[in-house]
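Colleague: I am new to this structure. Could you take me through some of the terms used for it?

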Amino acid sequence: MKNSFSRHPSAFSAETDLTYSRRRLLELGAAGLLAASFAPLAGCAADEPPINALPVKPLGRVPGFGGRLPNIVFIYADDLGYGDLSCYGSRAVRTPNIDRLSREGVTFTDFYSCNALCSPARYGLLTGRYPQRSGLDFPLWEGRKGKLGFRVSKQLGHIFSRMGLADMGKESSINGIPTGEITIAEALREAGYQTWAIGKWHVGDFGLYPEYHPENNGFDRFFGVPYSNGQDPFPLYRGKAQIEENIQGDDQAKLSRIYTEEAIKFIDERDGRPFFLYLPYNAPHRPLHPSEKFRRKSRSGLYGDVVEELDHYVGKLLDALRDRGLEGNTLVFFSSDNGPWYNGSAGGLRGGKGQSFEGGFRVPLIAKWPGRIRPNSRCGEMASILDIFPTLLAIAGVNAPVDRIIDGKNITGLLTGKSRKTPHETLYFYHHDDLEGVRNGSYKYYRMINHYKYPLPTNKKWGGVGKARIGEWPLLYDLSTDPGESYNLAQNMPEVAERMEGLMRKWEGEMAENAAGIVR
Ligand SMILES: [Ca+2]
């Protein structure tokens with residue numbers, strides 16, 4: 001079913017603005033740069049992920065399953081904050097089309113990503129498993145690893161991380177989604193779905209490593225880019241063929257439009273089977289390039305322009321489904337992979353992209369499914385992007401895998417309103433492979449949290465040395481009264497803090513024993 005996994009040195013992993021970081025690095029001295037360029041490559045890929053040793057067996061259909069299969073559309077924004085949609089309270093950004101989706105479906109208030117960065121979040125969506133199970137726990141930044149400048153930047157990133165000047169000291173130990181994982185597309189194929197991915201992949205640079213191409217991971221068709229729009233080169237692919245070498249500057253303004261047009265084209269070329277459309281847009285990840293029609297039209301800068309353009313094309317897609325008579329039997333999701341970065345709003349939550357605070361992990365989730373999901377409903381229960389995999393398998397009547405732990409839970413009941421209680425007791429919050437925090441009930445607890453506004457330190461000027469640990473630890477918040485995580489309760493409620501610490505230790509013990517989550 002899949003190609004064998006091959007090992008390669010990981011590339012310098014970060015999706016920061018390379019131009020900026022490289023310029024800064026150059027300012028920091030030619031001598032270090034020269035020395036680093038001759039240093040041995042650090043961060044080589046680790047061992048083969050144990051999950052690859054599992055034989056890939058068909059999951060099969062749930063016996064007696066007779067439900068009508070809906071079409072499924074999963075729209076995924078990149079770095080869109082919890083507070084960046086008007087249906088989530090924004091007064092600066094107008095998103096009438098996504099608001100319409102919210103009015104016609106269910107809106108979750110306590111929905112979490114499984115990571116505050118791009119690649120690991122997408123791994124969790126596609127597999128239903130915490131990214132730490134495979135080692136894909138940091139953004140992949142491939143594409144240019146053969147270039148000297150790239151290797152130099154990578155080495156400097158590691159050196160500066162050790163000095164506490166950057167947050168790039170650890171990398172994913174693998175170069176893409178392990179071939180032994182079962183992706184959501186592979187699973188849905190078993191129920192007869194046609195499967196399409198359009199947009200940003202970012203779970204393996206298939207230009208370098210073909211085994212990670214979407215069409216080698218369960219998708220029948222692909223149109224899009226291998227990673228974030230902050231990277232250079234930034235090529236566009238139709239299937240496995242590269243059709244544009246490098247989309248940069250205002251040329252990126254076309255991306256939301258062409259992804260949507262391609263999605264509508266795929267829909268028009270569908271056969272009689274149900275379809276699964278995975279539609280991860282690049283917007284509003286920086287750099288920000290709205291098209292002429294949207295530039296300076298929002299009240300929220302270039303960022304708002306880009307979000308409003310994204311909203312416009314979400315509307316076009318919804319219109320296309322309606323015009324083709326598909327609306328009634330299509331389940332549409334809208335979400336974001338992680339919190340906002342240097343622009344965007346976490347809606348009063350603390351922190352943002354790259355951080356375990358609520359602002360990094362808590363994201364919008366809206367789902368519409370006429371006749372099954374009540375219009376204009378809300379869900380305040382805790383749920384996770386990890387839940388999408390088992391939920392869609394249940395909806396499609398595909399057996400859940402039994403040879404591996406799936407961390408997500410079936411939340412069909414929360415979507416439809418038939419259940420009012422989250423199936424999760426506990427969710428875990430990682431930074432790279434460090435378990436930093438845990439949510440249990442309304443409590444959120446952090447043993448320690450990195451002090452970076454990814455990927456730069458918030459408490460150091462360039463030139464400072466040493467990884468300072470500021471503040472008091474641990475942190476304990478009651479999100480029911482303090483969603484902004486402003487008031488540490490650890491001293492007042494030591495028994496709760498201790499219980500939360502115990503949950504973290506227990507989980508760490510389980511992960512130490514069987515991180516890959518293989519069930520024998
Ligand atoms: Ca992202």
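Modeller: We take a sheet, then a helix.

This is a predicted model, where local features need pLDDT of at least 70, side-chain atom pairs count only at pLDDT 80 or more, and totals for chains, interfaces and linings use all residues. Residues are numbered from 1 along each chain as its sequence is written.

Colleague: How do you know that E11 and E12 pair?

Modeller: Two strands pair if DSSP finds at least two bridges between them. E11 and strand E12 (residues 434–440) have six bridges, in the antiparallel sense, so they pair by that definition. In this pairing Leu427 stands opposite Arg439 in E12. Strands are DSSP runs of E of at least two residues and helices runs of H or I of at least four, numbered from the N terminus.

Colleague: What makes E11 and E16 edge strands?

Modeller: The order of the open, antiparallel sheet of four strands is E11-E12-E13-E16. Strand E11 (426–431) and strand E16 (475–478) each have a single partner strand, so one side of each has no neighbour in the sheet.

Colleague: Why is helix H4 called mostly covered?

Modeller: A residue is buried if 20 or more other C-beta atoms lie within 10 Å of its own, exposed if 12 or fewer, and partly exposed in between, with C-beta atoms placed from the backbone. In H4 (residues 118–127), 10 of its 10 residues are buried, including Tyr123 and Leu126.

Colleague: Which helices do the buried residues of H4 pack against?

Modeller: They pack against helix H6 (184–189) and helix H10 (388–396). After H4 comes Gly128, with a positive phi near 75°.

Definitions and conventions
Two residues are in contact if their C-beta atoms, placed from the backbone, lie within 7 Å.
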